[in-house]
Amino acid sequence: MRTMARLRTLTFAVFLLILLAGQATALSVELGTDEVLIVGGQVFTFDPPSQSGDKFLVSVSSHGNEASSVLAFGENITVGNVTYFIGSYDRQNRRLTVHLLGNYTSVRVMKKYDFSVEVIEAFDTYAKVRIKNTGFYPLNDTLSVSSSSQGAFPIPTSTILKEVELNLEPGGEIVFKVPNPGQTLIFSLNERGGISKDVSFGTLEPQVEIEDITSGEGVRVKVLNKGEPVNATFSLLYGGNLILESRKVLLPHGIKWVGFSNFINQGAVVVDYGKVIQQTFYFRPALLVLENISRDGELLRVILKNTGGESPPFRGFVSVTQNGVVVGSPTYSEVSIGPGESVSLTFKIPEEVRYPTILASSDSGTFSFTAEAGASGISVEALSTSIKVPLGGKGSYALVLSGSGRVKLSVEGLPESVGWKFYVGESEVEELNVDGSAQVVLVIDVPSLPRGFSVGEPVRFNVTIRDEKGNPPT
């Protein structure tokens with residue numbers, strides 16, 4: 001008996017020495033029934049026991065060869081330099097602990113079948129995704145893509161948006177688009193129903209945005225397409241729902257300008273690219289003034305200016321009328337006057353026409369100017385040239401301006417202590433447009449104590465009226 005004991009002890013010692021000499025490694029690894037254990041170049045899998053059984057069917061494949069065995073707890077199978085011991089088993093989660101012993105360089109656990117979802121880009125119209133086979137075996141299945149939304153009561157509802165056939169080797173991938181993704185997408189394998197992925201987007205940004213609306217020959221729209229090329233319908237609306245013009249356009253990725261032949265000052269642009277966006281606009285209309293008018297016999301020369309600042313060009317027709325009847329030749333002249341620009345026109349009118357009306361009309365508005373032919377610029381007449389104002393009181397002068405054009409009003413020669421303001425009606429003005437005639441009131445504010453002037457002595461001053469170029473009226 002002693003000899004046998006010594007023999008067992010000696011054998012055990014030699015076994016330990018062999019392990020140490022071969023640098024054997026011991027490790028415990030947990031894996032599920034849907035996973036494979038990869039040890040170096042070997043692949044270990046198992047089938048779970050029956051509900052009351054304790055036997056596992058295990059398989060180890062290595063370099064095209066496969067070894068299988070039915071093992072109970074504590075038993076093992078050896079393939080090459082690696083021994084696999086059956087450890088504990090979690091029946092609820094179907095997970096087995098395997099103890100490894102032997103020489104190996106790497107250990108990892110992989111899903112037998114699995115995939116990943118990468119969102120490349122997502123908008124309100126589509127989501128582009130990349131599906132990659134991240135499992136150990138080839139993935140040959142049908143992938144269903146559905147959107148999840150909250151129904152009534154509340155009960156979640158699901159709608160299938162797309163189905164894709166997958167034939168992917170391990171590491172293989174496929175890219176495709178899903179239309180109208182909503183806030184959440186569910187990717188699931190049909191044949192392997194337990195494998196699914198959810199992707200949440202939150203609020204999706206629009207694929208197409210209106211960046212600017214400007215005026216040119218017509219209304220022009222600047223749009224940004226942040227996704228793939230898309231067909232879109234552009235509509236120009238007037239008065240809320242009246243469609244003046246529609247255009248179908250292929251929008252490439254990036255910026256594109258789309259123009260309408262019609263021009264309106266106010267309206268809306270609607271873009272339908274699968275989703276509908278709308279933006280209203282308002283262009284400050286052109287503001288025409290009669291800059292000058294002169295006459296030489298039957299020839300009438302007028303100069304019109306667009307003072308609308310950043311307004312669109314005035315495009316329309318100019319004619320000369322009297323009492324609503326066209327009296328000029330040519331009957332009309334077609335003009336295009338940009339902001340800040342002037343145009344000079346010449347008409348032939350009968351000599352007996354003394355007060356012609358210059359009529360400029362367009363789709364965006366009509367301007368009319370009545371002036372005395374032969375006069376030029378603005379004439380000024382003061383209804384009173386002198387008044388008496390007590391200390392601390394106010395006095396007023398009435399001025400009548402005749403002609404057509406834009407003028408600036410000022411006062412020269414008053415002492416600094418005397419205040420002054422120009423009014424048209426109840427509104428204070430410093431400049432105004434004169435169209436035919438206008439009445440302006442100059443209000444003088446005299447201080448309570450004389451400063452810069454003497455009581456009882458007249459204070460002389462001048463009212464200056466100049467055009468936009470600083471020139472006095474002629």
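Glu228 is partly exposed, with a relative accessible area of 23%; on this scale buried means under 20%, exposed over 50%, and partly exposed in between, as found with a 1.4 Å probe and protein chains only. Glu228 forms a salt bridge with Lys128, and the closest N and O atoms of the two are 2.5 Å apart. A salt bridge is here a side-chain nitrogen of Lys or Arg within 4 Å of a carboxyl oxygen of Asp or Glu. The pair links distant parts of the chain, 100 residues apart, since Glu228 lies in the loop between β18 (219-225) and β19 and Lys128 in strand β11 (residues 126-133). Lys128 itself counts as buried, at 17% relative accessibility. Strands (E, at least two residues) and helices (H or I, at least four) are DSSP runs, numbered from the N terminus.

The model is predicted: local features need pLDDT of at least 70, side-chain atom pairs count only at pLDDT 80 or more, and totals for chains, interfaces and linings use all residues. Residues are numbered from 1 along each chain as its sequence is written, and side-chain values use heavy atoms, with hydrogens and water left out.

By the rule stated above, the count comes to 14 salt bridges. Side chains of opposite charge can pair when their charged atoms come close. One of these bridges joins the side chains of Asp34 and Lys111 (2.9 Å, N to O). Asp34 lies in the loop between β1 and β2 (35-39) and Lys111 in strand β9 (residues 107-111), so the pair ties together parts that are 77 residues apart in sequence. Asp34 is partly exposed at 37% relative accessibility, and Lys111 is partly exposed at 29%. Both residues belong to a network of salt bridges that also includes Glu30, Glu35 and Arg95.

Another salt bridge is formed by the side chains of Asp114 and Lys197 (3.1 Å, N to O). Asp114 is buried, with a relative accessible area of 14%, whereas Lys197 is partly exposed, with 25%.

Ser235 has its place in strand β19 (residues 230-238) and is buried, with a relative accessible area of 11%. Its side chain makes a polar contact with the side chain of Ser246 (3.1 Å). A polar contact is a pair of N or O atoms within 3.5 Å; within protein, one must be able to donate a hydrogen and the other to accept it, and residues adjacent in sequence count only if both atoms are side-chain atoms. Leaving aside neighbours within four places in sequence, the residues in contact with Ser235 (heavy atoms within 4.5 Å) include Ile243, Glu245, Phe260 and Val269.

An open sheet of four strands has the order β1-β8-β7-β6, with antiparallel pairing; two strands pair if DSSP finds at least two bridges between them. β1 (25-32) and β6 (76-79) each have a single partner strand and stand at the edges, so one side of each is left without a neighbour in the sheet. Four bridges join β6 to the antiparallel strand β7 (residues 82-90), and Val79 stands opposite Val82 in β7.

The chain as a whole contains one helix and 37 strands. Of its 474 residues, 39% count as buried. Among contacts between residues at least 6 apart in sequence, 56% join residues at least 24 apart.
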